[in-house]
Amino acid sequence: MYNQSYRPKRSNQSSFSRRPTKRRFSGQSIDVNKFIRKAVTPDQTEVYAPNNSFADFSLNKILKENILAKGYKTPTAIQDKTIPMALQGRDVIGIANTGTGKTAAFLIPLIHKVTLYKHNRVLIITPTRELAQQIQQEHREFSHRLNQYSTLCIGGANISPQIAQLRRNPQFVIGTPGRLKDLIERRCLDLSSFQSVVVDEADRMLDMGFVEDIKALLSNLPTDRQTLFFSATMSPQVQYLTQNFLDNPVTISVKTQETAENVDQDIIRVEEHDDKLEVLHDLLIQKGFSKVLIFGQTKHGVERLSDTLEKRGFSSVSIHGNKTQSARERALNTFKQDEAQIMVATDVAARGLDIPDVSHVINYDIPNTFDDYIHRIGRTGRADKKGYALTFVTR
């Protein structure tokens, strides 16, 4: 449908991205045919049959009520296989695509563990602030009426309230590597008091250059602990961490497809001299582009694109690493609540975020790796709904 050379209808040229230059990042080496794939119809999709129900798990009664209140009926594959092992106290390596329910897979058994052992503390390490916030919100919902508390330790936000909350010894500390390291150096966070740790989206954190920070954080934890380690891929660096910091782990892999089955994927070919912005404009005014997540490569490029779309009459917000945490929160909430049609983002929004009803993901810039592509398009086609992913390819 979209896989063709595109000539913009308008003749006026914009100062933004007039002549796309050759990009020097590794995304250029990805075979563009991998960005083309039709969605699989429901009758073609193999339905997972869980071995357990949430009622089967030996969980605190109130926790079970909270699970039901969230609308959880049967476990996903990663939940069905991880929760029993985690309840036994085993270390777990979970290999799963985005959107498979990993957060509940580790939160549910660890919340139950804290109900049994009041002094047990849990550290959850995530690559991005938004994912950390989402995990904290999930923790609040699952732990309702259980007198469990969490502290969010993320950059881009005032550190003083975080320090004050840590003094109250919350059972759950959820944070990004840089801020956690900062708090340790200030002697405001002592990892020797934590008996459980979750490393979420491990491959993404290593891609972001956090390998030494992760090693340092895990080295500061007690050796007698439970470690739950989640990653979409098993790179050599990820393998190194699992071999050196986990104790006789059980590996659970539920990664069955490279890309989301219910996402229609296609490319938009533009000529070198075409104006990508005009092509994008013509797409966004089409029927059905109701809630669009656009990915760009750089912080400045993302901000410029969002501003330009605003000037053209679209409701657009942006998320990238140069924004303050409060600004990122406002942008994300505005998009989630359908107060903006478009969110333009760097890959900080590519993983873990649960944004309902995204109709289209558009890769305005080709991602660095195919794994990044998989995570980007995983923001659409969620909750068994069909989604669409389009990737700009310049000849």
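Where does Asp357 lie? Asp357 sits in the loop between β12 (342-345) and β13 (360-363). I'll come back to that loop. A word on the source before we go on: this is a predicted model.

Let's start with the whole protein. There are 395 residues, and 55% of them are buried. The secondary structure comes to 13 helices and 14 strands. Now take the contacts with a separation of 6 or more. Residues 24 or more positions apart account for 77% of those.

Next, helix α2. This helix covers residues 77-87. How many of its 11 residues are buried? Eight are, so we call α2 mostly covered, given that buried means under 20% relative accessible area. Here are the eight: Ala77, Ile78, Gln79, Asp80, Thr82, Ile83, Met85 and Ala86. What do they pack against? Their partners are β2 (92-95), α3, β7 and β8 (250-253). Just after α2 comes Gly89, with a positive phi of about 90 degrees.

On to helix α3, residues 102-116. Lys102 is found in this helix. Is Lys102 buried or exposed? Its relative accessibility is 8%, so Lys102 counts as buried. Leave out residues up to four places away in sequence, and Lys102 touches Ile78, Ala96, Asn97, Asp200, Glu201 and Phe230.

Now pair α3 with α4, residues 129-142. Their axes come within 10 Å and cross at roughly 45 degrees. The two helices are therefore oblique to each other. The crossing is right-handed. Which residues meet there? From α3 we have Thr103, Ala104, Phe106, Leu107, Ile108 and Ile111. From α4 we have Ile135, Glu138, His139 and Phe142. By type, the contact has seven nonpolar residues, two polar and one charged.

An α-helix has 3.6 residues a turn, so residues three or four places apart point the same way. Look at the α3 side of the contact with that in mind: Thr103, Ala104, Leu107, Ile108 and Ile111 are among the residues there.

Time for the rings. The structure holds seven aromatic pairs. One of them is Phe106 with Phe230. The centres are 5.6 Å apart, with 45 degrees between the planes, and the pair is tilted. Why does this pair matter for linking the chain? Phe106 lies in helix α3 and Phe230 in strand β7 (residues 226-231), so the pair ties together parts that are 124 residues apart in sequence. Both phenylalanines, Phe106 and Phe230, are buried. There is also a ring cluster: ring pairs link Phe54, Phe57, Tyr72 and Phe142. Phe142 also takes part in the contact of α3 with α4.

Last, back to the loops. Most residues other than glycine have a negative phi. Asp357 has a positive one, about 65 degrees. With a relative accessible area of 45%, Asp357 is partly exposed. Arg187 also has a positive phi, near 60 degrees, and is not a glycine. Where is Arg187 found? Look in the loop between α6 (177-185) and β6 (196-199). Is Arg187 buried or exposed? The relative accessibility is 79%, so Arg187 counts as exposed.

To finish, two things to find on screen. Find the tilted pair of Phe106 and Phe230. Then find the oblique helices, α3 and α4.

Key
Residues are numbered from 1 along each chain as its sequence is written. This is a predicted model: local features need pLDDT of at least 70, side-chain atom pairs count only at pLDDT 80 or more; totals for chains, interfaces and linings use all residues. Side-chain values use heavy atoms; hydrogens and water are left out. Axes are lines fitted to C-alpha atoms, for helices over the stretch in contact, and angles run from 0 to 180 degrees between N-to-C directions. Helices (H or I, at least four residues) and strands (E, at least two) are DSSP runs, numbered from the N terminus. Angles under 35 degrees count as roughly parallel, over 145 as roughly antiparallel, 65 to 115 as roughly perpendicular and the rest as oblique. A crossing is left-handed if the near helix is turned anticlockwise from the far one by less than a right angle, and right-handed if clockwise. Contact means heavy atoms within 4.5 Å. Ala, Val, Leu, Ile, Met, Phe, Trp, Tyr, Cys and Pro count as nonpolar, Asp, Glu, Lys and Arg as charged, and the others, Gly among them, as polar. Rings of Phe, Tyr and Trp (its six-membered ring) pair if their centres lie within 6.5 Å; planes under 30 degrees apart count as stacked, over 60 as edge-to-face and the rest as tilted. Buried means under 20% relative accessible area, exposed over 50%, partly exposed in between (1.4 Å probe, protein chains only).
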